[in-house]
Amino acid sequence: MSSTKEKKAVTAADRPILKNKIYLYLTEFFAGMSVMAVELGASRLLAPYFSSSQIVWTIIIGTIMIAMALGNIYGGRKVDKNPNPDRLYGRIIFAAIWIALIPVLGKYIILGISGLLVFAIDTNFLVIAAFAACMVIFVFPLFLLGTVTPSLVKYTMDSLDDSGKVVGMLNASNTIGSIIGTFVPTFISIPAVGTSVTFLIFAGILLVLAIVYFVASKTFVKKVPVAMVIFVLCCIFGHNGSFAFWQKHLTAEDESVYNYLQVRENDREIILSTNVLFGVQSVYRKEKELTGMYYDYAMAAPYMTGIYQKDRPLDVLILGMGTGTYATQCRRYFGEMYIEGVEIDQKITDLAHTYFELPEDVPVATYDGRAYLAALSSDHWKKDGEFGTADGKYDVIMVDAYQDITIPFQMSTTEFFSMVRDHLREDGVMVVNMNMRGTDSDDPEKNKEAKITDYLADTIASVFPEVVTVDVTGSTNRELFASMKPGMLDRFTQNTALEKDEELAGMMKTVNSGFVKYNAGDHIMTDDKAPVELLGMQVIDEMIREEVKYYKRIYEEEGLEGLLNSL
């Protein structure tokens, strides 16, 4: 006879709370809701560092699907071997705490992974770094939540006679939860309280769900009070939504439905950034002078029109208004002209009025640029006196909707540029800010490869008969000017000769010296095929290689100590 008693296996039958199928369906509901909330939170956590492009979304969805699939397999096998429901709700506690730790540690992990990989790889940096960050930060908690469904099937099913009904109800609960978990973060929690607090909210929901189980089961487990303490600490230290945590004294920092927003200023200028690691989106000079950036080059467009200094002020439309630097510059140097902006992010427009002195009489429509042009073309468009010209056409249309690492494909195709053409007057000009021309490679063969700017220029040239470009000194920006009426450069020369402002005239001489008539190729992008994400990633790789070349050389010559000293 054995001297020790065999421990009785715990099953769902030993836990009265699990006899209530509503609680089981609620478990499935909140698990599905939390998975989608974490997925959307992942996109917002990664976007300021890696962009919100289709490639990054693909990485997020792919890694989460991997985690869920592995969790389904693991959960099914485990529940067959040991049907103890304590284990399932213990895993939910672990998942909740891991999710709560994401706003505390996630940003540091992303930068740590990026810092290591930037010295280790030369191509596809953003893809590999984003994938590695997703694997480290998000796979484990979603793997644990992936074990929920197979476990609940075991606990919920009374007999094979109702198996279809039970599985259907569980899947329905999961799907309904996923639907709510999709809409709530995007439209409610992230805009209202930010990404960090959103993670904490859904972690708290999962934690409460598990605590209810253990309290109702009258089972004391040490992990419950420990988890509660860790969660409280995460709420204390993880509510800070700053993605650029190393920067101090920011003027403003916020999140919108579309962007992370950061305003900083110094003695000379005010700057808006919508991402952390790449670029500046808008600049306002406090001394009310030229910026020295692409905005100044784009001011060549009014001189290229046939209407400049004629019988009426110019009508200007800006697609991608940002904080209105171009509009402010045009008003300052050209005086009276009608300017109208389109900006998809209302919070950016609010910042423009608060910090960047965007004139109150410049109307800004909260719209997607292409959708706005479509609305102007619609028979149902009703001019309300605030937006649109009398004929729905403009003398200058500026396209400035291409962020440093995110190019909206719907605004890069022949169909889009045809819409722009249709809203230009006969001698009107389109100016496009293309901000990823890259740098020349040491390999001549690589210089021959078509880049994203070549694809955009070829696409535009397939719509407009006359195209000229100019590279912006000291940056990776390239300005492109296009018109249906020949003689853009002749009109530019004639009109700039009349310019009396010495500062602006000097700037236009610089622009004129860099003009190149574009010889079109055959890299045409359409709504059906516009690989802007892959093309953009190639340029980003080039830019990163150039940026870290200096630090790589120091590391190779002086080692880690020399690298740290250089930083």
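The structure is a predicted model, in which local features need pLDDT of at least 70 and side-chain atom pairs count only at pLDDT 80 or more, while totals for chains, interfaces and linings use all residues. Residues are numbered from 1 along each chain as its sequence is written, and side-chain values use heavy atoms, with hydrogens and water left out.

Side chains of opposite charge can pair when their charged atoms come close. With a salt bridge taken as a side-chain nitrogen of Lys or Arg within 4 Å of a carboxyl oxygen of Asp or Glu, the count comes to 16. One of them joins Asp80 to Lys154, with an N to O distance of 3.2 Å. Asp80 belongs to helix α2 and Lys154 to helix α6 (residues 148-156), so this pair ties together parts that lie 74 residues apart in sequence. Helices here are DSSP runs of H or I with at least four residues, and strands are runs of E with at least two, both numbered from the N terminus. Asp80 counts as exposed because its relative accessibility is 53%, whereas Lys154, at 39%, is partly exposed. These classes follow relative accessible area: buried means under 20%, exposed over 50%, and partly exposed in between, with a 1.4 Å probe and protein chains only.

A further salt bridge is formed by Asp254 and Lys347, whose closest N and O atoms are 3.2 Å apart. Because Asp254 lies in strand β1 (residues 252-255) and Lys347 in helix α13 (residues 346-355), the pair ties together parts 93 residues apart in sequence. Asp254 is partly exposed, with a relative accessible area of 35%, and Lys347 is partly exposed at 24%.

The salt bridge between Asp315 and Arg425 has an N to O distance of 2.9 Å. This pair links distant parts of the chain, with Asp315 in strand β5 (residues 315-319) and Arg425 in strand β9 (residues 424-434), 110 residues apart. Asp315 and Arg425 are both buried. They also belong to one network, in which salt bridges with shared partners join Arg312, Asp315, Asp391, Asp395 and Arg425.

Attention now turns to the surface patches. Patches consist of residues with over 30% relative accessible area and no salt bridge; like charges are joined within 9 Å, and nonpolar side chains (Val, Leu, Ile, Met, Phe, Trp, Tyr) within 5 Å. The accessible areas come from the Shrake-Rupley method with a 1.4 Å probe, and for residues only the protein chains shown count as cover. Arg77, Lys78, Lys81, Arg87 and Lys223 gather in a patch of positive charge. Helix α2 (residues 54-81) provides the largest share of this patch, three residues, while Arg87 is placed in helix α3 (residues 85-117). A nonpolar patch of about 590 Å² is made by Ile176, Ile179, Ile180, Phe183, Phe187 and Ile188. Within this group, Ile176 lies in helix α7 (residues 163-193) and is partly exposed, at 45% relative accessibility.

Helix α7 also contains Ser178, which is buried with a relative accessible area of 15%. The C-alpha atoms of Ser178 and Met33 are 4.3 Å apart in space, although the two residues are 145 residues apart in sequence.

The cysteines can be treated briefly. With a disulfide defined as a pair of cysteine sulfur atoms within 2.5 Å, a search of the whole structure finds zero. Cys234 is in no disulfide, and the nearest cysteine sulfur, that of Cys235, is 7.0 Å away. Cys234 is buried, with 2% relative accessibility, and Cys330 is buried at 1%.

Two backbone features complete the account. Lys288, a residue other than glycine, has a positive phi near 55°; Lys288 lies in the loop between β4 (282-285) and α10 (294-298) and is partly exposed at 43% relative accessibility. Glu357, also a residue other than glycine, has a positive phi near 55°. The loop between α13 and β7 (364-365) holds Glu357, which is partly exposed at 45% relative accessibility.

Note on methods:
Lys and Arg count as positive and Asp and Glu as negative; His and the chain ends are not counted. The place of a charge is taken as NZ of Lys, CZ of Arg, CG of Asp or CD of Glu.
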